Number of protein chains: 2
Amino acid sequence: MTAKLAGKARTQALASIKSWKKVRGRDAIQKSFKFTDFNEAWGFMTRVAMAAEKADHHPEWSNVYNKVEILLLTHDAGGLSLKDVALAKVIDAIA
Amino acid sequence: MTAKLAGKARTQALASIKSWKKVRGRDAIQKSFKFTDFNEAWGFMTRVAMAAEKADHHPEWSNVYNKVEILLLTHDAGGLSLKDVALAKVIDAIA
């Protein structure tokens, strides 16, 4: 069971990934990425997939040609946890 | 410009991919796939990505852990075309 982020720790953690937006109606964060074409979007997704598998923490995501939408939350925490913040940082570094 | 499927050709084409369902409100088809885990789902997606890039015809799709949702339509046709039917068959063969 992963701890759900709350209080000051939550505020600080989310402040470190400001480009990720809160999702309406779910305790989750999301971000959109746009690339030149599908080839480049897929390359990005593949690197994220490797990182997610390694961390055993996977995104909810969608792809339409050169666009990728990523939503992060921790299902077994019932909301955001430090795992999401860590994965968000890895994804930003890859992008 | 790709021709949009209509009339008898459309009926026959869709009859050949019956496991794909019509999407409400869009001239598109969709299908859900479920795998053992993310690793297997990603393997499937990678093979579909290669086929899509080769055909220069890309799906709208989403993934949550072991589940993959795929929606097909031809943007420049404004709806379903034979490209979607061909890609649907390739995806079914991969799955």
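**Close-up views of salt bridges and a strand hairpin**

A:Arg10 counts as buried, at 18% relative accessibility (buried means under 20% relative accessible area, exposed over 50%, and partly exposed in between, with a 1.4 Å probe and protein chains only). This is a predicted model, in which local features need pLDDT of at least 70, side-chain atom pairs count only at pLDDT 80 or more, and totals for chains, interfaces and linings use all residues. Residues are numbered from 1 along each chain as its sequence is written, chains are lettered from A in the order in which they are written, and side-chain values use heavy atoms, with hydrogens and water left out.

**View 1. A:Arg10 forms a salt bridge with A:Asp27.** The closest N and O atoms are 2.9 Å apart, where a salt bridge is a side-chain nitrogen of Lys or Arg within 4 Å of a carboxyl oxygen of Asp or Glu. A:Asp27 is also buried, at 17% relative accessibility.

**View 2. A:Lys31 forms a salt bridge with A:Asp92.** The closest N and O atoms of this pair are 2.7 Å apart. A:Lys31 is buried, with a relative accessible area of 17%, whereas A:Asp92 is partly exposed at 27%.

**View 3. Strand 3 (residues 60–64) and strand 4 of chain B run antiparallel and are joined by 5 bridges.** Strands are DSSP runs (E, at least two residues) numbered from the N terminus, and two of them pair if DSSP finds at least two bridges between them. B:Val64 stands opposite B:Lys67 in strand 4 of chain B, and in this hairpin, with 2 residues between the strands, B:Tyr65 takes a positive phi near 50 degrees.

Key:
Helix = DSSP H or I, 4+ residues; strand = E, 2+ residues; numbered from the N terminus.
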